[in-house]
Protein chains: 2
Amino acid sequence: MAQVSLKDIANVLGVSSATVSLVLNGKEKEGRVSKALAEKIRKQAALMNYKPNNLARGLRVGKTQTIGLIVADISNTFFSSLAFHIQEYAELSGYAVIIANTNESDAKMVKMIDVLRSRQVDGLIIVPTEKGESYIEEISKSGMPLVLLDRTFPKLEVNHVIIDNYQASKKALQHLINKGCKRLSLLIYNNTLSHMQERKRGYIDTLKQAGLYDPLLIKEVDYNNLKEDVENALDSLLQNEEKVDAIYFATNTISMIGIKRMFELNIKVQQDIQVVCFDKNDVFDFSPELSIPYITQPIPDMGRYAVELLVEQIDKKKSTSGKIELFAELNSI
Amino acid sequence: MAQVSLKDIANVLGVSSATVSLVLNGKEKEGRVSKALAEKIRKQAALMNYKPNNLARGLRVGKTQTIGLIVADISNTFFSSLAFHIQEYAELSGYAVIIANTNESDAKMVKMIDVLRSRQVDGLIIVPTEKGESYIEEISKSGMPLVLLDRTFPKLEVNHVIIDNYQASKKALQHLINKGCKRLSLLIYNNTLSHMQERKRGYIDTLKQAGLYDPLLIKEVDYNNLKEDVENALDSLLQNEEKVDAIYFATNTISMIGIKRMFELNIKVQQDIQVVCFDKNDVFDFSPELSIPYITQPIPDMGRYAVELLVEQIDKKKSTSGKIELFAELNSI
DNA sequence: CTGAAAGCGCTTACAG
DNA sequence: CTGAAAGCGCTTACAG
């Protein structure tokens, strides 16, 4: 590489590399280096185009100014938006972000955590996988600064930033009930993670309160067989003699496939059947006449709080500093 | 941290850390360590839950197994898909990826390159910004392994992976001409980068050959004032007495805003005006009746080749190994 | 006001 | 077959 080191600068100037380090880190007063020397050192560093080696610095001070972000799939727009905002906020605090994907696999999450730890990240922001609880607990107890994002494990004493999925579902269902719907279906992942369970609980409670609950109207689909499962679920819901008059799609991916299927089946969305989706999609902009209401998550805030919570832990060396639950809004046009 | 080090293991076993290092790196034969000792060391390492410190390793061997990826905006679906595939392929080769955003700002690109270099990445994959040519040239000449992605600087002797934007435009326009369109408009960024210029050139050449070229039908819009510019462009195109009968949207972001505007203006897409877009969007799935043709870029391949090209440079220590241009297809339903 | 030394955790050539 | 030493580039406590 022929990278210029502190020592190279020191040699040219006939001083010690310690002095150069002091000056270049703005700690001249501590070392009480003379103004003149400091100036000379700065000039020489610029001249030689010196770039500090953060590896060496990290090794020495035990801190890398790097945080690891583990998401399910960076190509998913929800996670890529989160990642964008996390990077922006991390940068403000002087941190770089390494992103890793789990593809919802527990094994991959474990692997990625290991990879990031061996790179000495100062902390982790993790969107955990379904069966990852015990490993998350382990990490948390090891003292590694950690924030769970989007999903959490309620039994664990771990920091997190999530949304109030229960309330979000209530809002969605209440909207449909207010419109006069009587048979309201839920399409959701067969996933035991907190966010899905809360969305389901919100659905069930709201319908029970309205005296409209029917467990047969809940259709669970599998992440790994999504398209087929959603299509089958819709087909069965719509062929039923006692037809549904509303569908609540509990995630963006499910709603994309579901609505497309409804089009294929020539169902008139918002006429034959009322729909509410989770998360905004470009599609909604395109069909103002459809005006499909959707739940919006406060993604920039989720990113900001996750970074804040993590940086606080890193700085203060305390492992638990908070659980943050944000509100999601129903966006009905 | 109380991280376990090689020395800790060595101390417990009463051997040197060098021996431990040898064994744990599978180089026992070179050091000709006895089978028995090797086994003992491995057991102890597992017992103490040893995780290598990659910082120290990187510092010592001068290689971090990390590549830097610089994109315009990770929250944009095109770049997040690219990032996903790049990470997958990089992982296969044993590399981690640090992603940084430029937001199309030259200053930010320069800053991010510096950040990544000071973290001692082994190479860079960069989606360059408009005025970044001289800085890219500088890096390239410094011997840093480098691959440009999506866009390139034709005058520079730098590796790149791009698509054939010229041919892509030709296909799009030829399709419209075959449909009998006579007044074909182009909406494109006012950007001097290669990919935009090639898309424009493909448009111009195809229309000239067909005797349909009219420079007034090219509308350039600004990245930083996108919505307004696109809307103004469309309004002026559609108010013109000699109406356009086809529009080629040269990027995904432009087409999203453009089509939405057409809806607002009650233009019947594919009836009143034929449309072709660049890049696939979920929206197209939703309106099969619209059946808007679009150009698809081979994103997985772009990611794969970028990683391959970069890793090759890193391994072989040669700074130029190739320019790869892939085909994009017109997807007409 | 400035320098010399130690050490972060690792690997690699060298010596025995 | 195994250990001691040097060194990657940095920072920090210490000595003068």
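Which residues of β1(B) point one way and which point the other way? In this predicted model, local features need pLDDT of at least 70 and side-chain atom pairs count only at pLDDT 80 or more, while totals for chains, interfaces and linings use all residues. Residues are numbered from 1 along each chain as its sequence is written, and chains are lettered from A and ligands numbered from 1 in the order in which they are written.

B:Thr66, B:Gly68 and B:Ile70 point to one side of β1(B), and B:Ile67, B:Leu69 and B:Val71 to the other. In a regular strand the side chains alternate between the two faces of the sheet. Strands (E, at least two residues) and helices (H or I, at least four) are DSSP runs, numbered from the N terminus. Six of the six residues of β1 (residues 66-71) of chain B are buried, so this strand is largely enclosed by the rest of the structure. A buried residue has 20 or more other C-beta atoms within 10 Å of its own, an exposed one 12 or fewer, and a partly exposed one a number in between, with C-beta atoms placed from the backbone.

Pairing of two strands requires at least two bridges found by DSSP. β1(B) runs parallel to β2 (residues 96-101) of chain B and is joined to β2(B) by six bridges; B:Ile70 lies opposite B:Ala100 of β2(B). Four bridges, also in the parallel sense, connect β1(B) with β3 (residues 123-126) of chain B, where B:Leu124 is the bridge partner of B:Gly68.
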